[in-house]
Amino acid sequence: MARRPARAEHPHRSDGETDAADRVLTLPNLISFVRLLGVPLFLWLFLVVEADVAAVVVLAIGGTTDWVDGWIARRLGQVSRLGELLDPLADRLYILATLLAFTVREVVPWQFTAALLARELLLIGSLAVLRRYGYGPPPVHYVGKTATFLLLAAFPILLLASASAPVATAAGAIGWGLAWWGLVLYWVAGAMYVVQAGRLVRAVRADSRGAAA
């Protein structure tokens, strides 16, 4: 894992690059904040007023803009530490909120929700171990981003399948195809993070033993 400890400095960065990484008010961060606001809006639309069409729109916008903030950040040179935290946070909140809401409304079975939640618990445990050794969250892997994209694409389609009888069969087949692929890749990405964390911990322990010898 090409990652420095959370407490370490970045001596290879110039002052201008460091200032850019510390910026908060950037267009990509604004997009991520708006995506975060979409989470409670979706829950209110779906669970309180049961406006399924509007909920589908919110989910679709949240899913399709998943890559926009990162693309703009790289394009405009506005990559920041806050953005690196907000983007995966928004992804996880969308997935968790949608799963819980869908389980309540019986759009997805609880077993599917449990499988995804178990992966999140595994990742939380890995992050706790990394922080114990002074490391921050691992960089987002493309496998994890692909899994997130598939899941965020699947959820609006599954909701459409449950809300519209004329397209239920086709939408259900497409939605569940995306959802199961997303689940598999989600676990593959989780396993990769655990392996990376394990290598880091072993390397730190080896260095500690070498220093003590």
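What does the protein chain average in pLDDT, and what share of the residues score at least 70? The protein chain averages a pLDDT of 79, and 81% of the residues score at least 70, where pLDDT is the predictor's confidence in each residue, from 0 to 100. The structure is a predicted model, in which local features need pLDDT of at least 70 and side-chain atom pairs count only at pLDDT 80 or more, while totals for chains, interfaces and linings use all residues. Residues are numbered from 1 along each chain as its sequence is written, and side-chain values use heavy atoms, with hydrogens and water left out.

Helices are DSSP runs of H or I with at least four residues, numbered from the N terminus. Confidence in the protein chain is lowest in helix α1 (residues 15-21), with a mean of 50, and highest in α6, with 88. Over residues 1-18 pLDDT stays under 50. Where pLDDT is low, the predicted coordinates should not be read in detail.

The buried residues of α6 are F112, T113, L116, R119, E120, L123, S126 and L130, where buried means under 20% relative accessible area, computed with a 1.4 Å probe on protein chains only. Just after α6, G134 takes a positive phi of about 85 degrees.

In helix α3 (residues 52-64), the buried residues are D52, A55, V56, V58, L59, G62 and G63. Seen down the axis of α3, these buried residues fall within an arc of 165 degrees, so they line one face of the helix; the arc is that of the directions from the helix axis to the C-beta atoms. D52 itself has a relative accessible area of 16%, and, neighbours within four places in sequence aside, D52 is in contact (heavy atoms within 4.5 Å) with F46, R105, L159 and A163.

Residues up to four places away in sequence not being counted, L116 touches I95, L99, L151, L183 and Y186.

Note on methods:
Buried means under 20% relative accessible area, exposed over 50%, partly exposed in between (1.4 Å probe, protein chains only). Helices (H or I, at least four residues) and strands (E, at least two) are DSSP runs, numbered from the N terminus.
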